[in-house]
2 protein chains.
Amino acid sequence: MKIELQKVLPADIEKRSFEIITEELGDRKIPEELAPIVKRVIHTSADFDYYDNMKFSENVVKNIAQTIRNGACIVTDTQMAKSGINKKLLETFGGEVFCFMSDEDVAEKAKENGTTRATASIDKASLLERPVIFAIGNAPTALVRIFELYSEEQIKPEAVIGVPVGFVNVVESKNLIMSSDMPYIVAAGRKGGSNVAAAICNAILYMMRDGLL
Amino acid sequence: MKIELQKVLPADIEKRSFEIITEELGDRKIPEELAPIVKRVIHTSADFDYYDNMKFSENVVKNIAQTIRNGACIVTDTQMAKSGINKKLLETFGGEVFCFMSDEDVAEKAKENGTTRATASIDKASLLERPVIFAIGNAPTALVRIFELYSEEQIKPEAVIGVPVGFVNVVESKNLIMSSDMPYIVAAGRKGGSNVAAAICNAILYMMRDGLL
């Protein structure tokens, strides 16, 4: 079987991918400051549903960039999301990524309290003494806990990237975040994932690196 | 805003999710030995397109389980996929996961040869002296390189899990794998990802743990 491959230099594959995404979006326009994020999510999923799904609170992208420059860290709910975020680039701005999901004390607390580990990992994150951006790609219970702690004035996240994927309380947990006055980037509906959470973080970091933010 | 959450115990969330997926698949039936894999991919993406996309060579699932029990390792093309695979469970069968993408020598070779790092990482994997299952969730160039090395009789993978995502040579690279006589699990079309690669590996590992394979 003869299969013809497109001749694209390694360094140009991503550029060409974004061109194809832009072509296929056609008349579906995205505000300039949001386009790199929506397109990177489509790039990471090959799923154009994200054109409709991605929801942003006002000025959230600019504010995330600002807070990263001011030393904010990113807290994820999976090792996969942590693994996918460009940590070297984040470090150049003084940031770092935390994921407490595999911590022994988190497992113990979850068992003790009959919660998910995600819930317990947010409780642990609430003790961080620095500005926090949450990037939640998996666990709706993490979003619910963020909402509860915010409502109780125990945390005040710089932003919530709320893109868990799934079937149980996923839509509801995202609606909770969007109903609050926390700054958010949310993939409405069931879709999302650790890859989507990482793609959103990276899109913002690349815009910062390239002087667009 | 009042948002009603479903009351589901932490331990039951995954079970309930799989029930919903089964309900929504309705009349779309999947062969028994493949259903846990297809459903776990839908679970990880909330994308029912995978019902149509997932392609399996004959007996591939049974054979992957067998080769894992015989000491096969898994080689991924991203740290994210490696991060998502249940390594503790894999270890109970004597397996481990490798990802060479961040290795210095891989970066150097790629630069030297004008290839992607993914290509160079497959070259490095070809030197492993044990049975190998490739789990490729990102780089079509990794699949192309696997195909080339197999054609040159330099490698003989136990199986290729070929689920890169994207727009440049992704469809073509998957067609290459399916045109060969290597055992494969492929997500046809543009969709896939590191999360999908990890989900496929985990679905097989859970079937092995549960005595289904």
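**Where chain A meets chain B**

Across the interface of chain A and chain B, nine residue pairs are in polar contact, both partners at pLDDT 80 or more. The model is a predicted one. On the side of chain A that touches chain B, the elements giving two or more residues are α1 (13-25), α2 (35-45), α5 (79-84), α9 (140-151), α10 (170-179) and α11 (194-209). The largest share comes from α1(A), with six residues. This side of chain A divides into 17 nonpolar, 19 polar and seven charged residues.

Now the extent of the contact. Chain A brings 43 residues and chain B brings 45 residues. Together the chains bury about 3500 Å², and 69% of that lies on carbon and sulfur atoms. In chain A, the residues that lose the most area to chain B are Met80(A), Phe167(A) and Val168(A), together 21% of what that side buries.

The same surface serves both: 100% of the contact residues of chain A recur in chain B.

One example joins Asp47(A) to Lys191(B), with the closest N and O atoms 3.8 Å apart. Lys191(B) sits in the loop between β6 (184-187) and α11 (194-209) of chain B. Its relative accessible area is 10%, so Lys191(B) counts as buried. Within chain B, its side chain makes polar contacts with the side chains of Asp47(B) at 2.6 Å and Asp49(B) at 2.7 Å.

Key:
Residues numbered from 1 in each chain as written. Chains lettered and ligands numbered in written order. Predicted model: local features only at pLDDT ≥ 70, side-chain atom pairs only at ≥ 80, totals over all residues. Heavy atoms only, no water. Contact = heavy atoms within 4.5 Å. Helix = DSSP H or I, 4+ residues; strand = E, 2+ residues; numbered from the N terminus. Buried < 20%, exposed > 50% of the residue type's maximum accessible area, 1.4 Å probe, protein only. Polar contact = N/O pair within 3.5 Å; in protein donor to acceptor, adjacent residues only side chain to side chain. Buried area = accessible area lost by both parts, 1.4 Å probe. Salt bridge = Lys/Arg side-chain N within 4 Å of Asp/Glu carboxyl O. Nonpolar A, V, L, I, M, F, W, Y, C, P; charged D, E, K, R; others polar.
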